[in-house]
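Good morning, and thank you for joining. Please have the sequence and the model in view.

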Amino acid sequence: MLTREQMLSTFLPDLRTYKPLVGFEYEIQCFEKETLRPLGYDGPRGLGAVLQAAADITGGRLIRVPGDPPNAVTLPDQGMLSIEPGGQFEFSSAPRASFGPAMDQFHGYLALLKELEERFSLHFFYGGVNPVHTLDDIGLVTRKHRYQLMNDYYPRVGTMGRRMMRQTCSIQVSFDYPDRIKGEELLRTALCIAPIAAALFSNSPYLEGKRTEYLSYRVPIWANTDPTRSGLLPGFTDPGYGFDQYLDHVLAAPMFFVKDGDNYVDAQGMTFAQFNQRGFAGRSPTLDDFVLHNSTIFNDVRLKTTVEVRTIDSQSPSMLPSVLAFLCGILFCHRARLRTLSTLSKLTEAEFQALPDQLAREGITGKIGKLPVKELLLDLLHHAPRGLPTCCPDGAEAVYYLDRVRDMVHRGKTPANYVLERFGDDAAGWLAAGKING
């Protein structure tokens, strides 16, 4: 049986190697250029072949797990490429201490996409939800055993888990922290900002060929995936909220599976607390079991040895530097976090819990309590340029990318608003365009 101290230790950095780093994950969707059909895995133009070509081009290494088709490549610079359940093509950056090297990685990835696009006649799409194709059109592309178990599990607990797996794409940004006190402060601040950042970068107004009532339909998809492991964390507005409360949440969440060697065994809805008390299939839990289970917690902010913000729709490549600059400016350094918490501390938990659905519909034109969202964002953007040079050695250069965010806020427009201005009810037109630059 694992102790709380053992499990809490998995959230703490190794101070012998600690550096203040930022990393990001960027998901996009892949289609045949001629037909705009989603790519499958198999065949000469399938995602398996695309992944192998990416390994060859970059000098990366294809990761092979017994019993599963290869779905990831480790890159020479410690980044990674992977294929998600619905065929989403994900780039995971290697964490970096400054903005410039992070952008160097990103530009290298864009160059790789261009080469893959030409070699395989591909079309890439950069929105938060596939705007046209149905679940049946997409299917479960990556047939990893763990994905098959998740695919079977989600309909038991929600209505949109399979949509999440197949139709959604995001940008996720992770921040390191040096100790528990700073980590808990970062966790609370990130949870406060998560629904506001989701609204600011809304980029998914369509579903299955139709315009929805939302600017970010990815928000209700996640809200209806699994109430025990998605959305904002309960109790996070309490000033005493921290790692212990997060651990309680993880322990109470049902498990998808228990790993047995290279195989995954359906956990039949057992929580990790029950596994820890009673064991499963004749064995007791290990820290590896806990870390694996925590990796299946998909709340708006996730805690590992980093704090990961998970609420942002995928964006056109030209927008990604602005996403990073905005989040780094308000979250990464201690003073910036305190200013952000001060700005948002007047909201109650009930007001926060209502924000995701409200702001996913309204974008940045509505109010949070009595405060206009635009006013709140302009206050955050006033402080963000101070936070960037503090948290990043080259942060002064990154301030440039905040100008685009500030312009969006002044205009009261999210990326989705620009999409709707250009395409109206024509979801297929946006898919064919792939991206717009606002």
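Two strands are said to pair if DSSP finds at least two bridges between them. What we have on the screen is a predicted model, and I begin with one such pairing. Strand 1, residues 22-32, runs antiparallel to strand 6, and the two are joined over four bridges. Within that pairing, Cys30 has Phe124 of strand 6 as its bridge partner.

Which way do the side chains of strand 6 point? Leu122 and Phe124 are directed one way, while His123 and Phe125 are directed the other way. In a regular strand, side chains alternate between the two faces of the sheet. As to accessibility, these four residues of strand 6 are all buried.

Let me turn to the residue Ser121. Ser121 sits in the loop that links helix 3 (99-120) to strand 6 (122-125). Its phi is near 55°, which is a positive value in a residue other than glycine. With a relative accessible area of 22%, Ser121 is classed as partly exposed, because the buried class requires a value under 20%.

A second residue with positive phi is Ala281, at about 55°, and Ala281 is not a glycine either. Ala281 is placed in the loop between helix 10 (272-278) and helix 11 (287-294). Is Ala281 buried or exposed? Its relative accessibility is 72%, so Ala281 counts as exposed, the threshold for that class being over 50%.

Which backbone oxygens does the side chain of Ser230 reach? One belongs to Trp222, at 3.0 Å, and another to Asp226, at 2.7 Å. Setting aside neighbours within four places in sequence, Ser230 is in contact with Trp222, Phe298 and Asn299.

Finally, consider Ile196 in helix 7, residues 180-200. Ile196 is at 0% relative accessibility, and so counts as buried. What does Ile196 touch, apart from residues up to four places away in sequence? The residues are Leu344, Leu359, Ile368, Leu376 and Leu377. For Leu377, the separation along the chain is 181 residues, yet the C-alpha atoms of Ile196 and Leu377 are 8.3 Å apart.

That concludes the presentation, and I welcome your questions.

Technical notes
Residues numbered from 1 in each chain as written. Predicted model: local features only at pLDDT ≥ 70, side-chain atom pairs only at ≥ 80, totals over all residues. Heavy atoms only, no water. Polar contact = N/O pair within 3.5 Å; in protein donor to acceptor, adjacent residues only side chain to side chain. Contact = heavy atoms within 4.5 Å. Buried < 20%, exposed > 50% of the residue type's maximum accessible area, 1.4 Å probe, protein only.
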